[in-house]
Amino acid sequence: MTARPNILLITADQWRGDCLGTVGHPVVKTPNLDAFAAKATVFEQHYATTAPCSPARASLYTGLYQMNHRVVWNGAPLDNRFDNIARAARRAGYTPTLFGYTDTSPDPRQHHPEDPELSTYEGVLPGFEVRQALPGHEKEWFSWLAARGHDPATFDTIHQLEPEPGHRISRKAPSYSKDETQTAFLTDRFFSWLSEQDTGSPWMAHISFLRPHPPMAVPEPYNSMYDPDDGPEFKGAATAGNEAAFHPLIAALQASQHLTSHIPGSSGHVRDLSREDFKRIRALYFGMITEVDTQLGLIFDKLEEIADNTLIIFTSDHGEMMGDHWMLGKGGFYKESYHIPLMIRGPGMAKANRVSAFTSAADIFPTLLDLLNLTPNHKPDGASLLPYLIGGTPLSWRDAALYEFDFRRLLQFFPEPLRKACQNGQSCALTRLTEDWQYVHFGGLPNLLLEPNASPCTLDNRLEEAPKAHLEYLEALLSTRMRHNDDTLARSMVWEYYSN
């Protein structure tokens, strides 16, 4: 690999790790990513470290688990002392350029209290130059649509679909076309920027696509591409009530999930949906994935001439429940919220390479450092994937996925005894996932030992019948946490800095 390749980091928000043709999904069509996989390394057991967006992206950008970066929810600031992919890239001579968003709340200690940047969690990761923003209000996209002839008076309800008789969930097409989606908008802006780049100067870009993140609206042909009855059996209990009774955190998540977050203009809770409703939403989700895949194909084609000197990383920030366990969105402890795609293609790297080891979003930052021969300004929790990328195997590697979910914002939905038990730093679920078992540790709630590969309708906490396994998994989890204590300065002595 050349010393300084072009670098393109692509994230597609809320993309489940199983929703790819190349990993065997029975329904979803992703022909462009499937073709990309034939020239790349596909990490089949790749996991986000946490959810929702801001905490998950903090790990992706810094290489740290939530236990160390401490971004616990959307709006929690990222400590300015941490290194990140953009700052590191600048040390290597790049001008890292953003298309989309990073959802990074700024460190308030670096700003005046009246600074408008402190009024939103949709800040920009320090180090990035913004070429095209796409915050939640979508005004930049709206301006682009207006220039293409759309009526600005319709923008407030642009994602509200025409009702479909006989159905609670409409699959009608929105007013914008397949060439006018937010995905197409960012692709267009990236192509404009790319045409300005000096062929002799390596570049770095981060395209942060919104889709397949809600709201669930996608134009023709994607809105009707999938039959709602096609798809795997939903996981979880027979009813939402039975699911809520399985664990207090699930009950709290159900109480907090309103349908309007996925279906604008709707009312009620997600838990009140029928299986038919979930199937129709899932069909839209599949269509949104294929819409993004189409735009990715345009990007891959555009970059094919410079592929020999371009590193491309495709991933997501976190997953999506999409009807499993009677939920939508992300959070909790089920792996559907955390299993995400990762494909990497670069000069000199292995092709059609499959990795089944557990990898983490925290591995992206140390991988880039390794590729660019850079030293981080803090000790990452993740590890470099470079040995896998060149077709080898690291001398040692993790045997489980680790992810966290801080639910302090959900305490209002707990009954008083549990709410009190989960206060004072006890509001976190810490999961260790292996091939056969999933251990979930809580501070103030019942712990869980689950079989993640059991029958889709199985809900069974195996802890009571396996006390020895409980101790083994608790010990493994504690050892993992101890290994990831912040070690940035712990292995050096102050006089070493002066002697050097």
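This briefing covers the sheet, the aromatic rings and the cysteines of the structure above.

The model is predicted: local features need pLDDT of at least 70, side-chain atom pairs count only at pLDDT 80 or more, and totals for chains, interfaces and linings use all residues. Residues are numbered from 1 along each chain as its sequence is written, and side-chain values use heavy atoms, with hydrogens and water left out. An open sheet of 8 strands is present. The structure also holds 27 aromatic pairs, and the disulfide count is 0.

**Sheet**

- The strand order is β4-β3-β5-β1-β6-β7-β2-β8, with mixed pairing.
- β4 (129-133) and β8 (353-360) stand at the edges with a single partner strand each, so one side of each has no neighbour in the sheet.
- On average, neighbouring strands of this sheet are turned by 15° against each other, direction ignored. Axes here are lines fitted to C-alpha atoms (for helices over the stretch in contact), with angles from 0 to 180 degrees between N-to-C directions.
- Strands are DSSP runs of E of at least two residues, and helices are runs of H or I of at least four, both numbered from the N terminus.
- Two strands pair if DSSP finds at least two bridges between them.
- Strand β1 (residues 6-12) and strand β6 (residues 310-315) run parallel and are joined by 6 bridges.
- Ile10 has Phe314 in β6 as its bridge partner.

**Aromatic rings**

- Rings of Phe, Tyr and Trp (its six-membered ring) pair if their centres lie within 6.5 Å; planes under 30 degrees apart are stacked, over 60 edge-to-face, and the rest tilted.
- Trp141 and Tyr176 form an edge-to-face pair, because their planes stand at 80°, with ring centres 5.1 Å apart.
- Trp141 lies in helix α5 (residues 139-147) and Tyr176 in the loop between α5 and α6 (182-194), so the pair ties together parts 35 residues apart in sequence.
- Both Trp141 and Tyr176 are buried. Buried means under 20% relative accessible area, exposed over 50%, and partly exposed in between (1.4 Å probe, protein chains only).
- Phe99, Phe190, Phe191, Trp193 and Trp203 are linked into a cluster by ring pairs.

**Charges over rings**

- A charge sits over a ring if NZ of Lys or CZ of Arg is within 6 Å of the ring centre and within 35 degrees of the ring normal.
- Arg148 lies over the face of Trp144, 4.6 Å from the ring centre.
- Arg282 has its charged end over the ring of Phe234, at 4.3 Å from the centre.

**Cysteines**

- A disulfide is a pair of cysteine sulfur atoms within 2.5 Å, and the count is 0.
- Cys422 is in no disulfide; its nearest cysteine sulfur, that of Cys428, is 11 Å away.
- Cys422 has 0% relative accessibility, so Cys422 counts as buried.
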